[in-house]
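Trainee: I've got this one open on my screen. Can we walk through it together, starting with how far to trust it?

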Amino acid sequence: KEMFAMLKGSGLWYMLSAFFSTAQSGFFATLLFYYTTFILKDPAVTGLAVTINSAALFLGSLTTPFFTKYFTKKQIYIAIHIVTGIVYIALFFFGHNTAVFLISRAVIGFVSAGQGITLPALANDLADYKEMTGESQARGFVQSMLGIAIKIGALIATSAASFGLVAIGYV
């Protein structure tokens with residue numbers, strides 16, 4: 001009973017946020033080869049995009065502790081999603097250009113590091129909040145909820161990408 005109390009209010013929003021955070025990153029990773037082959041018409045860019053993304057992710061991991069001194073975890077998490085959304089919109093309009101594509105992958109890689117760091121920290125904050133308000137004592141459930149959200153987000157991403165490719169006749 002206490003475990004399901006975690007899924008009300010802020011717990012539900014946290015779970016949905018974790019679903020879609022994972023889904024957006026997994027969706028683009030699944031479609032990376034299709035994008036570089038058929039949109040950019042240069043499959044060799046795939047390796048460069050992965051390398052740039054990894055380097056940006058590493059730099060983002062190094063700089064996230066700096067940002068946590070000036071901003072809260074929640075502010076960082078929200079800013080990450082705003083920046084990611086802006087980059088995806090720009091990619092939609094200007095994504096046929098290889099340079100824009102590679103820059104977008106670098107920006108998304110850089111901010112994704114903060115997401116990976118703040119999401120588990122927010123899970124702990126959620127558990128603390130629920131305990132302090134007397135709603136629940138299910139700290140372990142919150143942590144497992146994050147793991148489930150990541151798995152379901154990955155499922156949504158790969159399924160949507162696969163069905164989308166079938167729908168446009170790629171497969």
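Predicted model: local features only at pLDDT ≥ 70, side-chain atom pairs only at ≥ 80, totals over all residues.

Trainee: Which helix has the highest confidence in the protein chain?

Mentor: Start from the other end: helix H1 (residues 2–5) is where confidence is lowest, with a mean of 66. The highest mean is 92, and it belongs to H4.

Trainee: OK, on to the inside. Which elements give two or more residues to the largest nonpolar core?

Mentor: That core has 16 residues, and Tyr14, Leu119, Met145 and Leu146 have the most contacts inside it. Take Tyr14: leaving out neighbours within four places in sequence, its contacts include Leu119, Leu122, Met145 and Leu146. The elements you want are helix H2 (10–30), helix H6 (98–132) and helix H7 (139–167).

Trainee: How many residues are in the second, separate core?

Mentor: Look for Phe28, Tyr35, Leu40 and Val45, which are among its members. The count for this second core is 9 residues.

Trainee: And the outside? Which helix gives the most to the nonpolar patch?

Mentor: The patch on the surface is made of Phe58, Leu59, Leu62, Phe66, Phe67, Tyr70, Phe71 and Phe110. Together they have about 840 Å² of accessible area. With 5 residues, the top contributor is helix H4 (residues 45–67).

Trainee: Is Phe66 buried, partly exposed or exposed?

Mentor: Phe66 sits in helix H4. Its relative accessibility is 46%. Buried would need under 20% and exposed over 50%, so Phe66 counts as partly exposed.

How values were computed:
Residues numbered from 1 in each chain as written. Heavy atoms only, no water. Core = buried A, V, L, I, M, F, W, Y, C linked by side-chain atoms within 4.5 Å. Buried < 20%, exposed > 50% of the residue type's maximum accessible area, 1.4 Å probe, protein only. Helix = DSSP H or I, 4+ residues; strand = E, 2+ residues; numbered from the N terminus. Contact = heavy atoms within 4.5 Å. Patch = residues over 30% accessible without salt bridge, like charges linked within 9 Å, V, L, I, M, F, W, Y side chains within 5 Å. Areas by Shrake-Rupley, 256 points an atom, 1.4 Å probe, with all protein chains shown as cover. Salt bridge = Lys/Arg side-chain N within 4 Å of Asp/Glu carboxyl O. pLDDT = per-residue confidence, 0-100.
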